[in-house]
Amino acid sequence: MNKTIIAPSILSADFANLERDIKIIEKSGADWAHIDVMDGHFVPNITIGAPVVKALRKVTGMVFDVHLMIENPEKYIPDFAKAGSDYITFHYEATKEKTSQVIEQIKSLGIKVGISIKPKTKPEEITDFIDKVDLVLIMTVEPGFGGQSFMPDCAEKIKYIKEKGEKDLIIEVDGGINAETGKICREYGANALVAGSYIYGNSNIEQAIYSLR
Ligand code: DX5
Ligand code: ZN
């Protein structure tokens, strides 16, 4: 895969104008819409649930890249699948001994599957799962909030994942991504970039998206 996938995070959109803000990124050349789901347990923040994904599905055909930052993801995966997710990414730290089952659950629902690791988790821990998923999401901030600073050490994990993964594996990074940090990640081998505050905080969204490619 040569093209870098740009996935703006709607966490930085105006929640009172989600339809407008998702259409803005669609028109501005974004590839996917990244949707951050937080439960107040796995991370210290609460965001949106499956009903919001379902409502957004009605107003756009964009690829929905749903990032579950929740405990017991297996309980909610069917709802997010039904709501119209294209990719569902769960956190390895939230599944541990049931990781394989969660991967199979998502696949059985006909959805692409992603596994994510937090900054303190070593990439070696997910070695056995790399060839079983469509996407690996490396967090480059502690999950929970938009607008934090990029952690360069986390980006180095991309190298290990790239070495172990098949050619078509999507390696995505999330947290503190802008033109400069995005370039670092692309050079390590990331082929999908999530960016929230950098894109939605920019007066020229099209230019911001372009600058990440
Ligand atoms: C953080 C979320 C991110 C967040 C990124 O927990 O997973 O997707 O929206 O925001 P920025 O790009 O502002 O760091
Ligand atoms: Zn995210």
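A polar contact is a pair of N or O atoms within 3.5 Å. In this predicted model, that criterion applies to the pairing between Asp 36 and ligand 1, where a polar side-chain atom of the residue lies 2.7 Å from an oxygen atom of the ligand. Ser 9 also contributes through its side chain, placing a polar atom 2.8 Å from a ligand oxygen. At Gly 147 the backbone takes part instead: one of its polar atoms is 2.8 Å from an oxygen atom of ligand 1. Taken alone, the ligand exposes 380 Å², and the protein buries 100% of that area.

The surroundings of ligand 1 comprise 20 residues, the closest being Asp 36, Gly 147, Asp 174, Gly 196 and Ser 197. By class, this shell has eight nonpolar, ten polar and two charged residues. Strands E2 (32-38), E3 (63-69) and E8 (192-195) each supply at least two residues of the shell. The largest share, three residues, comes from E2.

The view may now be widened from the ligand to its site. Ligand 1 sits in the largest pocket, which has a volume of about 250 Å³. A total of 25 residues line this pocket, and Gly 146, Gly 147, Asp 174, Gly 175 and Gly 176 lie nearest its centre. The elements giving two or more residues to the lining are E2, E8 and helix H8 (197-200). In terms of residue class, the lining has eleven nonpolar, eleven polar and three charged members.

Conventions: Residues are numbered from 1 along each chain as its sequence is written. Chains are lettered from A and ligands numbered from 1 in the order in which they are written. This is a predicted model: local features need pLDDT of at least 70, side-chain atom pairs count only at pLDDT 80 or more; totals for chains, interfaces and linings use all residues. Side-chain values use heavy atoms; hydrogens and water are left out. A residue is near a molecule or strand if one of its heavy atoms lies within 4 Å of it. A polar contact is a pair of N or O atoms within 3.5 Å; within protein, one must be able to donate a hydrogen and the other to accept it, and residues adjacent in sequence count only if both atoms are side-chain atoms. Accessible areas come from the Shrake-Rupley method with a 1.4 Å probe; for residues, only the protein chains shown count as cover. On a 1 Å grid over the protein atoms alone, a cavity is a set of points where a 1.4 Å probe fits but cannot get out, and a pocket is an open set with protein on both sides within 12 Å along at least five of seven lines; lining residues have an atom within 4 Å of a point. A molecule sits in a cavity or pocket if more than half of its atoms lie within 2 Å of its grid points. Helices (H or I, at least four residues) and strands (E, at least two) are DSSP runs, numbered from the N terminus. Ala, Val, Leu, Ile, Met, Phe, Trp, Tyr, Cys and Pro count as nonpolar, Asp, Glu, Lys and Arg as charged, and the others, Gly among them, as polar. Grid points are joined across faces, edges and corners, and a volume is the space filled by probe spheres set on the points.
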